Amino acid sequence: MQGEVVKVISNQFYVKVNNNVLICTQRGVLKKNKTLPLVGDKVLVDIEKRVIEKILPRKNEIVRPPVANIDQAIVVTSLKHPDFSTNLLDKLLVQLEINKIKPIICLTKKDLLSSIELNNY
């Protein structure tokens, strides 16, 4: 049966199958290949044994946090404390663009800016 990994804690994989969440382990061959299921992965599950049999092909994957099959991401960055970094924002946006993930940018701490700093943005 096909499901989607919704949570990973250590070697326990929470897989949503037909509106039910099952706590599963992974098949030995996946461990041997060092292929870990990630949150967002579509997987094939043996419901009786509660074992992930196969990870279906991923649309995309990011490393931090480790997730797969992402459509959009919210990038939250502060304008002050710590100061706004265009380099960091650019780095994140490039990573999202490479993986064809739609970015939503959220700027925080606008209230901490002086009127001069606010005019510079």
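Student: Where is the place of proline 65?

Tutor: The model before us is predicted. Proline 65 sits in the loop between strand S6 (61-62) and strand S7 (67-68).

Student: Let us turn to the backbone angle phi. Which residue other than glycine has a positive phi near 60 degrees?

Tutor: Asparagine 69 has that value, and this residue lies in the loop between S7 and S8. Serine 10 is a further case, with phi near 55 degrees; its place is the loop between strand S1 (2-9) and S2.

Student: Is serine 10 buried or exposed?

Tutor: One compares the relative accessible area with two cut-offs: buried means under 20%, exposed means over 50%, and partly exposed lies in between. Serine 10 counts as exposed because its relative accessibility is 65%. Asparagine 69, in contrast, counts as buried because its value is 17%.

Student: What follows helix H2, and what is its phi?

Tutor: Lysine 100 follows H2, and its phi is positive, near 55 degrees.

Student: How should I read the length of helix H2 (residues 86-98)?

Tutor: The general idea comes before the case. An α-helix has 3.6 residues a turn, so residues three or four places apart point the same way. For the span, one compares the distance between the end C-alpha atoms with the value expected at 1.5 Å a residue. H2 has 13 residues and reaches 18 Å from its first C-alpha to its last, close to the expected 18 Å.

Student: Which residues make up the largest nonpolar core?

Tutor: A core of this kind is a set of buried nonpolar residues joined through side-chain atoms within 4.5 Å. The largest one here has 10 residues: Val5, Phe13, Val15, Val17, Leu22, Cys24, Val43, Val45, Ile52 and Ile55. At least two of its residues are supplied by each of strand S2 (12-17), strand S3 (20-26), strand S4 (42-46) and strand S5 (51-55). The largest share, three residues, comes from S2.

Student: What does valine 17 touch, if residues up to four places away in sequence are not counted?

Tutor: Valine 17 touches Met1, Gln2, Gly3, Leu22 and Ile47. There is also a second, separate core of seven residues, which includes Val67, Ala73, Val75 and Ile101.

Student: How many salt bridges does a search of the whole structure find?

Tutor: The search finds six. In one of them, the side chains of lysine 42 and glutamate 4 meet at 3.3 Å, N to O. Lysine 42 lies in strand S4 and glutamate 4 in strand S1, so this pair ties together parts that are 38 residues apart in sequence. Lysine 42 is partly exposed, at 31% relative accessibility, and glutamate 4 is partly exposed with a value of 31%.

Student: Which residue forms a salt bridge with glutamate 117?

Tutor: The partner is lysine 80, and the closest N and O atoms are 2.7 Å apart. The pair links distant parts of the chain, 37 residues apart: glutamate 117 is in helix H3 (residues 115-120), and lysine 80 is in the loop between S8 and H2. Glutamate 117 counts as partly exposed because its relative accessibility is 25%, whereas lysine 80 counts as buried because its value is 16%.

Student: Which residues are linked in a network of salt bridges?

Tutor: The network links Asp41, Arg58 and Glu61. Glutamate 61 is partly exposed, at 39% relative accessibility, and arginine 58 is partly exposed, at 29%.

Technical notes. Residues numbered from 1 in each chain as written. Predicted model: local features only at pLDDT ≥ 70, side-chain atom pairs only at ≥ 80, totals over all residues. Heavy atoms only, no water. Buried < 20%, exposed > 50% of the residue type's maximum accessible area, 1.4 Å probe, protein only. Helix = DSSP H or I, 4+ residues; strand = E, 2+ residues; numbered from the N terminus. Contact = heavy atoms within 4.5 Å. Expected span 1.5 Å × (residues − 1). Salt bridge = Lys/Arg side-chain N within 4 Å of Asp/Glu carboxyl O.
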